[in-house]
Amino acid sequence: MPQHTSQLTHRLVSSPAGRIHIAEQGTGPLVLLAHGFPESWYSWRHQLPALAAAGYRAVALDVRGYGRSSKPAATDAYRMLDLVEDNVSVVQALGEESAIVVGHDWGATIAANSALLRPEVFRAVGLLSVPYSPRGGIRPGDVFARMGGDEELYVSYFQEPGRAEAEIEPDVRGWLAGFYAALSADTMPAPGAPDPHFVSRGGMLRDRFPVGRLPAWLGEDELDFCAGEFERTGLTGALNRYRNMDRDWEDLAAFEDAPITQPSLFIGGALDASTTWLADAIKAYPVTLPGLVSSHILDGCGHWIQQERPAEVNRLLTDWLAALSSVDSPR
């Protein structure tokens, strides 16, 4: 039965990064929520009260480099191994032995690796937008370089230190508005238009963003909050995640083709390139996610799934969590 929703609280907890900022609501089994790029704990604002009302302790963190969390100066301080240990430290700081971890975008990859590397802590994993794809035999930087062809994939563009910062930081609010719109179902470029995931040689990513229209899920006040976070912190900490992908590939060599066996959930948007480009990864779930409880593709939905379709995502999350509870009553 739904419970009374407690108030949202904020605090800092110790981590290998120094400190991690968390937003917390509710009591019960711990559900840790990890965001993607370029977001923050705020991307889970619709899920925190819903999970609390359903009887869970919902905790959304600012990943290191974002928001009020610590921002180490070294580029290699943002490798996946470090982000997984940040998640473990949050669970321990909250006085818990285990948690369910849910992530969106880069947060989905962080959540997946948290479950893979620390299964004794993370007993179930939910992935939003970005499917699980085990570490493969080809260095990611080589894969992304080939994908661009005559253009440059955004991942490669982000990997060069200082380059994306020079584009974004002079107009953080305008850039974020365009980036969010480019990947949202109701504002993304029409089929056949230049793809905003690619950069023309000598151009900028924002050259292909929609102009002058916010997606329906993003109000002016919400955009102000998101922009304010990055105007205060800059973008380097966030972009450093992209700059460690080859290091991650080396660090995780022992986990090549490794499945995640804990109970899992996937929710993707039908109009999201993360879903369409990685369709083979979704097809491979019987092998790569043998504990998959449910998988859903939301028609007419773009990349920012828990913000574009909060009610539907909340229902799918709470149904999945209830199914977990029915077979494994958490402490």
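Modeller: Two strands are said to pair if DSSP finds at least two bridges between them, and the strands themselves (E, at least two residues), like the helices (H or I, at least four), are DSSP runs numbered from the N terminus. This is a predicted model, in which local features need pLDDT of at least 70 and side-chain atom pairs count only at pLDDT 80 or more, whereas totals for chains, interfaces and linings use all residues. Residues are numbered from 1 along each chain as its sequence is written, and side-chain values use heavy atoms, with hydrogens and water left out.

Colleague: What makes β6 and β9 a pair?

Modeller: Strand β6 (residues 122-128) and β9 run parallel and are joined by four bridges, and the requirement is at least two, so they count as paired. One example is G126, whose bridge partner in β9 is L265. Strand β10 (residues 292-298) also pairs with β9 in the parallel sense, over six bridges, and in β10 the partner of G268 is I297.

Colleague: Why is I267 called buried?

Modeller: Buried means under 20% relative accessible area, exposed over 50%, and partly exposed in between (1.4 Å probe, protein chains only). The relative accessible area of I267 is 0%, so I267 is buried. This residue lies in strand β9, and, not counting residues up to four places away in sequence, I267 touches L127, L128, S129, H296, L298, I305, V313 and L316, where contact means heavy atoms within 4.5 Å.

Colleague: How do you know that strand β9 is mostly covered?

Modeller: In β9 (residues 264-269), six of its six residues are buried. S264, F266 and G268 point one way from the strand, while L265, I267 and G269 point the other way, and all are buried. In a regular strand the side chains alternate between the two faces of the sheet.

Colleague: Why does Q306 count as buried?

Modeller: Its relative accessibility is 0%, and therefore Q306 counts as buried. Q306 lies in helix α14 (residues 305-308), and, leaving aside its neighbours within four places in sequence, it is in contact with S43, W44, H46, Q47, H104, L128 and V313.

Colleague: What makes helix α7 mostly covered?

Modeller: Nine of the 11 residues of α7 (residues 172-182) are buried, W175, L176 and F179 being among them. The buried residues of this helix pack against α5, α6 (163-168) and α8 (220-233).

Colleague: Which residues have the most contacts inside the largest nonpolar core, and what is meant by such a core?

Modeller: A nonpolar core is a set of buried Ala, Val, Leu, Ile, Met, Phe, Trp, Tyr and Cys residues joined through side-chain atoms within 4.5 Å. The largest has 97 residues, and those with the most contacts inside it are F37, V90, V102, L127, F158, W175 and L176. Its largest share, eight residues, comes from helix α3 (residues 106-117). Beyond four places in sequence, the residues that F37 touches include Y66, W106, F158, W175 and F179.

Colleague: Why are some spaces called pockets and others cavities?

Modeller: On a 1 Å grid over the protein atoms alone, a cavity is a set of points where a 1.4 Å probe fits but cannot get out, whereas a pocket is an open set with protein on both sides within 12 Å along at least five of seven lines, and lining residues have an atom within 4 Å of a point. A volume is the space filled by probe spheres set on the points, which are joined across faces, edges and corners. The largest pocket holds about 1300 Å³ and is lined by 48 residues, of which V130, S133, F144, M245 and L278 lie nearest its centre. Helix α3 gives the most to this lining, with six residues. The second largest pocket has about 270 Å³, and M188, D195, P196, H197 and L271 lie nearest its centre.
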